[in-house]
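Subject: Structure handover

Hello,

Here is the structure I promised to pass on. Please open it next to this email and follow along.

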Amino acid sequence: MKEAGRKDGNRRLPDTELEVMQAVWALGGPALRAEIDEILRKKHPMAQTTLLTLLSRLAEKGFLKIEKTGRSARYIPLVGKEEYQAEQSRRFLDQLFGGNLPAFAVALSGSGLSREELAELRDLLDKEAL
């Protein structure tokens, strides 16, 4: 889902912009501002002008495409949720652990994960699902 206009494939979104993108992803495709607002209202209500500003910023950064039809607009994700998560996971590993996967695994296992969560992770590794 990468778009040619996207300048930096490893760009981290500020929290509020990420919340807006998560709402767009949750809608599963082109979305109207009112639909995005409805999702955000439950966790992070914001003024319509603020939402429109954030949507414009996301478009400028290459995360969304805006299709205007008359006075309304549809917001189309250009970056998929899984793609963004993968990029940010790699960035996290590189920045916090210097790319050292064993150090990350030790920190993860010492982070308070339950036995069930660790077993689930082990199972995913055994099945080569990761």
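Below is what was found in it, topic by topic.

One caution before the details: this is a predicted model.

**The sheet**

Start with the strands. Three of them form an open sheet in the order S1-S3-S2, with antiparallel pairing. S1 and S2 (64-69) stand at the edges. Each has a single partner strand, so one side of each is left without a neighbour in the sheet.

How many bridges join S2 to S3? There are 6, and the two strands run antiparallel. S3 covers residues 72-77. You can trace the pairing residue by residue. Leu64 has Pro77 as its bridge partner in S3. Lys65 is partnered by Ile76 in S3. Ile66 stands opposite Tyr75 in S3.

S2 and S3 make a hairpin with 2 residues between the strands. Look at Gly70 there. Gly70 takes a positive phi near 65 degrees.

On the S1 side, 2 bridges join S1 to S3, again running antiparallel. Ala31 has Tyr75 as its bridge partner in S3. Tyr75 therefore turns up in both pairings, as it also stands opposite Ile66.

Next, go to Pro30. Pro30 lies in the loop between helix H1 (15-27) and strand S1 (31-32). Is Pro30 buried, exposed or in between? Pro30 is partly exposed, because its relative accessible area is 43%, between the limits of 20% and 50%.

What does Pro30 touch, leaving out residues up to four places away in sequence? The contacts are Glu35, Arg74, Tyr75, Ile76 and Pro77. Take Pro77 as an example of a link across the chain. Pro30 and Pro77 are 47 residues apart in sequence. In space, C-alpha to C-alpha, they are 7.0 Å apart.

**Salt bridges**

Now the charged side chains. Side chains of opposite charge can pair when their charged atoms come close. The structure holds 9 salt bridges. Here are some of them.

- Arg12 and Asp15 meet through their side chains, at 3.3 Å from N to O. Arg12 is partly exposed, at 44% relative accessibility.
- Lys65 pairs with Glu67, with the closest N and O atoms 3.9 Å apart. Lys65 is partly exposed at 42%, and Glu67 is partly exposed at 29%. Lys65 is also the residue partnered by Ile76 in the sheet.
- Asp123 pairs with Lys127, with the closest N and O atoms 3.2 Å apart. Asp123 is partly exposed at 35% relative accessibility, whereas Lys127 is exposed at 59%.

Salt bridges that share partners also join Glu17, Arg57 and Lys61 into one network.

**The largest pocket**

Then turn to the empty space. Rolling a probe the size of a water molecule over the atoms shows where empty space is left. The largest pocket holds about 400 Å³ of space.

Which residues lie nearest its centre? They are Leu101, Phe104, Leu108, Leu121 and Leu125, out of 13 lining residues. Three helices each supply at least two residues of the lining: H4, H5 (101-109) and H6 (115-126). H5 gives the most, with 5 residues. By class, the lining has 10 nonpolar, 2 polar and 1 charged residues.

**Phe92, in helix H4**

Last, find Phe92. Phe92 is found in helix H4, which spans residues 81-97. Phe92 counts as partly exposed, at 41% relative accessibility.

Setting aside residues up to four places away in sequence, Phe92 touches Phe97 and Phe104. Phe104 is one of the residues nearest the centre of the largest pocket. Phe92 and Glu35 are 57 residues apart in sequence and 31 Å apart in space, C-alpha to C-alpha.

**Where to look**

For a quick tour, begin at the S2 and S3 hairpin with Gly70. Finish at the pocket lined by residues of H4, H5 and H6 among others.

Best wishes

Methods
Residues are numbered from 1 along each chain as its sequence is written. This is a predicted model: local features need pLDDT of at least 70, side-chain atom pairs count only at pLDDT 80 or more; totals for chains, interfaces and linings use all residues. Side-chain values use heavy atoms; hydrogens and water are left out. Helices (H or I, at least four residues) and strands (E, at least two) are DSSP runs, numbered from the N terminus. Buried means under 20% relative accessible area, exposed over 50%, partly exposed in between (1.4 Å probe, protein chains only). Contact means heavy atoms within 4.5 Å. A salt bridge is a side-chain nitrogen of Lys or Arg within 4 Å of a carboxyl oxygen of Asp or Glu. On a 1 Å grid over the protein atoms alone, a cavity is a set of points where a 1.4 Å probe fits but cannot get out, and a pocket is an open set with protein on both sides within 12 Å along at least five of seven lines; lining residues have an atom within 4 Å of a point. Grid points are joined across faces, edges and corners, and a volume is the space filled by probe spheres set on the points. Ala, Val, Leu, Ile, Met, Phe, Trp, Tyr, Cys and Pro count as nonpolar, Asp, Glu, Lys and Arg as charged, and the others, Gly among them, as polar. Two strands pair if DSSP finds at least two bridges between them.
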